[in-house]
Amino acid sequence: MPTVIFSSLGAARSRFWLLALIAITPLPLRAQGTVSGQVTFFEPASSARHDVANAVVYLEPASRPSRYDRPSGQPAAMSIIMRDHEFIPHVQIVRAGGSVDFPNQDPFSHNVFSNTSLGAFDLGLYRRGATRASTFSRVGVYAIYCNIHSSMVSFVVAVPTKAFAHVGADGRFSMPDVPAGKYVLHVWHERTPEVMESLDVPPTGVRALSVSLDTRGFPATAHLNKFGQPYPPVRADRY
Ligand SMILES: [Cu+2]
């Protein structure tokens with residue numbers, strides 16, 4: 001009865017794989033809920049900039065990072081494209097330790113550098129079609145510029161958690177599947193000091209958080225080039 005033998009072997013194998021699958025499937029350690037809310041600016045209407053979508057929110061675990069917060073598997077490939085003399089997107093979020101590609105899609109050369117104390121880097125000057133990458137090991141905000149074009153500005157926000165979100169154009173944000181626990185809520189925007197608030201997340205999550213960012217003290221100063229000098233005046237005959 002070879003057929004019977006084979007089918008029972010097959011059934012046994014199926015059971016084995018089913019049990020193996022159950023054994024390796026990570027079960028949620030804690031109940032998870034959504035943390036959502038709204039970011040608004042506290043600023044005079046006359047100078048309102050309507051750039052709340054450049055804000056970033058994330059939840060830093062108040063104690064040691066849990067299994068939930070540790071990076072697992074291949075990190076997502078993040079990019080900031082250089083096109084039309086701009087870094088796109090203006091703000092990118094990456095898990096700390098992850099890297100970001102900077103492809104140049106303009107028909108002329110760009111540079112990518114950061115002078116941040118978190119980890120300064122300079123990717124050099126490179127042409128259309130070329131891509132270089134940088135790794136963002138430490139948690140924090142990295143201001144990134146091009147040494148040729150002073151108008152090119154972007155920010156990489158390296159976060160220590162899976163719970164992060166870009167804020168929408170209406171100021172709303174939502175972070176799903178956040179395990180219950182104690183966190184520090186970080187809200188960052190380039191025109192304000194970073195806001196940090198303790199937040200207890202119950203198993204049902206937290207809705208309708210409200211965060212107001214005070215942009216009134218924002219110093220509108222020009223950034224320096226990679227040598228720490230002011231940019232030379234732009235010449236019309238040069239890219
Ligand atoms: Cu450039």
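Strands here are DSSP runs of E with at least two residues, and helices are runs of H or I with at least four residues, numbered from the N terminus. The model is predicted, so local features need pLDDT of at least 70 and side-chain atom pairs count only at pLDDT 80 or more, while totals for chains, interfaces and linings use all residues. Residue numbers start from 1 along each chain as its sequence is written.

Strand S17 spans residues 206-214 and contains Ala208. Ala208 is not a glycine, yet its phi is positive, about 60°. Ala208 counts as exposed because it has 7 C-beta neighbours inside 10 Å (exposed means 12 or fewer other C-beta atoms within 10 Å, buried 20 or more, partly exposed in between, with C-beta atoms placed from the backbone).

His50 also has a positive phi, near 55°, and is a residue other than glycine. His50 lies in the loop between strand S1 (32-42) and strand S2 (56-61). With 7 C-beta neighbours inside 10 Å, His50 counts as exposed. Most residues other than glycine have a negative phi, and most peptide bonds are trans. The bond joining Ile88 and Pro89 is cis, with omega about 0°. Pro89 sits in the loop between strand S5 (86-88) and strand S6 (91-95).

Strand S2 belongs to an open sheet of four strands, ordered S13-S2-S15-S16 with antiparallel pairing (two strands pair if DSSP finds at least two bridges between them). Strands S13 (164-166) and S16 (195-201) form the edges, each pairing on one side only. Within the sheet, strand S15 (residues 181-188) runs antiparallel to S16 and is joined to it by seven bridges. His186 stands opposite Met196 in S16.
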